[in-house]
Amino acid sequence: MPEPMHSLRGLLLRRLWLPLLVLLLCSAIGSFALARFYAGQVYDRWLLDSAMSLSELVRVQDGRAVMDVTPAMSRMFTWDTVDEVHGEVVDARGARLYGDLPEPLPRPATAEDGREPVYYDARLRGQAVRMVEVTVPAASGHEVRLRVAETLRKRHRLERKLLMTSVPFQAAILALAAWLAWSGTGAAARHANQVARRLASPRPDPLAPLDPAQEAPRELWPAVEAYNALLQRLDAMQQAQRRFVSNAAHQLRTPLAAMQVELESSLRQHDPQAQQLALSGTLAGLGRLQHLVNQLLLLSRSEDAHGSALPLQTLDLAALARTVVERYADRALGDGVDLGYEGPDEGVPVQGDPPLLREALGNLLDNALRYGAPRGVITLAVQRLGTGVQVWVDDDGAGIAEGERTRVTERFYRASSHGDGCGLGLAIVAEIAQRHGAALVIDAAPLGGARVGLRFGSR
């Protein structure tokens, strides 16, 4: 079950703040790493300059490289107010020309003799140091290898300064970004609320559609279009309801007026036989009125007023059709109609709602009995058609003209004045067919009358 969204502004802030915080943290780390890298480049260059200054003291004497380094010069080379600096000079044969420490300085793990400076980290007397090693030419073609080591105090101090400077700066940026996100989402929420107030404001025609370009920003156009679609559905439902109430009132008024006339006539009659005849007409009118009310109730149950999905189950259409034929057998026998069934006895599965399908087939048989030929033939048939199934009712009456077949599903519309129907039977069948995703088929029957049925599966 999806979590309810209580606040659009809160949702936007949750979606913005966490990525923004991660982005700012990444930016701070990247800025710190970049500043540290370039600071290290500067210190490494100073370290190389110190090594090159030692090379200036190398001279050749008797074919050998020598160095004359006084204690004052050594102190000047190693002097630093923060770090400890140590140097070493070795000739091409590995002889040590200069070193301010008793032991040799550490070399890189993968040392290679070359003229390009090599920078590396090492440990000297238990302290971490940064070192550079470079081979340079001396006088008369001699080469010497220079190594200089420096502790990391200045570097660490600079890193701490960079970090302490960047943290308040990034915090200020984060606070500014948070304020911008808060104010921006608040402005968007206020704008959305203004749109909602405009939609809810009274209008001359409450169900008239709205123009999205005038009522809302582009991002809210889908919401306004959905609102317009809802208004259209409400307008259609209201119009249908008004037509239904008007037609139902008209249909109910006619049998009531006829019954009133019959009762008034019976009250004026003194002849028992005339009174009996008038009361029989009243009873027949009550039967028609009861049929109309039942049809109205069935139509109300079959309608999908809320757009909800009909819960379907697997049922045997052949078995259901046979039970409907058996239910109408006595009535057909009383009317002298030959009512039959064609198709398999069982084994025709479809997805449907049994009560509604039973009522749909019952309405088809009821229409055939009312409008078919007197003492005619009526057949209810079930047949498999490829991937689908079709059920229909044939009669040998006057049939339905081709031009009337699109109108007979309208409520209270009757294509013929023959019979005592109320014009709701096929409207109910059409509603039930729509809710089942089936097609209502109206055609001419081989018997000469009408063939009306439902087609499932293949449209």
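The exercises below concern the sheet and the overall composition of a predicted model. Residues are numbered from 1 along each chain as its sequence is written, and side-chain values use heavy atoms, without hydrogens and water. In this predicted model, local features need pLDDT of at least 70 and side-chain atom pairs count only at pLDDT 80 or more, whereas totals for chains, interfaces and linings use all residues.

**Exercise 1.** Determine the strand order of the open sheet and name its edge strands.

*Solution.* Strands are DSSP runs of E with at least two residues, and helices are runs of H or I with at least four, both numbered from the N terminus. Two strands pair if DSSP finds at least two bridges between them. The 5 strands follow the order S4-S3-S7-S6-S5, with antiparallel pairing. Strand S4 (96-99) and strand S5 (118-124) are the edges, each pairing on one side only. From one strand to the next, the twist averages 20°, where angles run from 0 to 180 degrees between N-to-C directions of axes fitted to C-alpha atoms (for helices, over the stretch in contact).

**Exercise 2.** Characterise the pairing of S5 with S6.

*Solution.* S5 and strand S6 (residues 127-137) are antiparallel over 7 bridges. In one of these strands, S6, Ala-128 is the bridge partner of Arg-123.

**Exercise 3.** Identify the strands touched by helix H2.

*Solution.* Contact requires heavy atoms within 4.5 Å. Helix H2 (residues 71-78) packs on the sheet and touches strand S3 (85-91), S4 and strand S7 (143-151). The directions of H2 and S3 make about 120°.

**Exercise 4.** State the secondary structure content and the buried share of the protein chain.

*Solution.* The protein chain has 10 helices and 14 strands. Of its 459 residues, 35% are buried (under 20% relative accessible area, 1.4 Å probe, protein chains only).

Definitions and conventions. Buried < 20%, exposed > 50% of the residue type's maximum accessible area, 1.4 Å probe, protein only.
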